[in-house]
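Reader: I would like to go through the terms used for this model one by one. Please set each value against its definition.

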Amino acid sequence: MSNEHNDQLATRLPPQNRDAERWVLGGILRDPDTLPNVQQLLVADNFYFDAHQKIFQALSDLSNEAQPIDLVLLYDKLRKNKQIEDVGGLENLKRWLKKRDKSWCELLSDWTSNNWGSRYDKCGQIVTRRGT
């Protein structure tokens, strides 16, 4: 490969989709029972946007601490970690709860290109089981 081609590859953004990430996090907030299934597919570092990584990590931490997952506890966890401003504050988190989650797994499928077929099947099973 030429140096020019390597430079172009180095400056390209990895696959990312802000809306898909928001829908995943909003879906977890609306239906916390999906988090263990999502954790089988994703870790915080899979999120491209730093704020989304912090939110997913906080949700995972709450789950690992056997705490219920809701907006109040998420806000408190992020505040204690001094990350609430990094994620856009409470109003930003509230907006995610208002969005429809009917196709959040479909949006997630567009978000990544790494062996997505099997992940989409698993994600589709999560949504089907939840009745959406």
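Author: A salt bridge here is a side-chain nitrogen of Lys or Arg within 4 Å of a carboxyl oxygen of Asp or Glu. A search of the whole structure finds seven of them. This is a predicted model: local features need pLDDT of at least 70, side-chain atom pairs count only at pLDDT 80 or more, and totals for chains, interfaces and linings use all residues. Residues are numbered from 1 along each chain as its sequence is written, and side-chain values use heavy atoms, with hydrogens and water left out.

Reader: What makes Asp50 and Lys54 a salt bridge?

Author: The closest N and O atoms of Asp50 and Lys54 are 3.0 Å apart. The limit is 4 Å, so the pair qualifies. Asp50 and Lys54 are four residues apart in helix H4, about one helical turn. Helices are DSSP runs (H or I, at least four residues; strands are E, at least two), numbered from the N terminus.

Reader: Why is Lys54 called buried, and why is Asp50 called partly exposed?

Author: Buried means under 20% relative accessible area, exposed over 50%, and partly exposed in between (1.4 Å probe, protein chains only). Lys54 has 18% relative accessibility and therefore counts as buried. Asp50 has 43%, so Asp50 counts as partly exposed.

Reader: What links Asp50, Lys54 and Asp86?

Author: They are linked in a network of salt bridges. The side chains of Asp86 and Lys54 meet at 2.8 Å, N to O. Asp86 lies in the loop between helix H5 (71-80) and helix H6 (89-98) and Lys54 in helix H4, so this pair ties together parts that are 32 residues apart in sequence. Asp86 has a relative accessible area of 41% and is therefore partly exposed.

Reader: How do you know that Asp76 and Lys80 form a salt bridge?

Author: Their closest N and O atoms are 3.2 Å apart, and that is within the 4 Å limit. Both residues lie in helix H5, four residues apart, about one turn of the helix. At 57% relative accessibility, Lys80 counts as exposed.

Reader: Why is Lys77 called buried?

Author: Lys77 lies in helix H5 and has 14% relative accessibility, so Lys77 counts as buried. Leaving aside its neighbours within four places in sequence, Lys77 is in contact (heavy atoms within 4.5 Å) with Ala58, Asp61, Leu62 and Glu65.

Reader: Why is H2 called roughly parallel to H4?

Author: Helix H2 (residues 18-30) and helix H4 (residues 50-64) pack at an angle of about 20°, with their axes 11 Å apart. That angle makes H2 roughly parallel to H4. Angles under 35 degrees count as roughly parallel, over 145 as roughly antiparallel, 65 to 115 as roughly perpendicular and the rest as oblique. Axes are lines fitted to C-alpha atoms, for helices over the stretch in contact, and angles run from 0 to 180 degrees between N-to-C directions.

Reader: Which residues make the contact of H2 and H4?

Author: H2 contributes Arg18, Glu21, Arg22, Leu25, Ile28 and Leu29, and H4 contributes His52, Ile55, Phe56 and Leu59.
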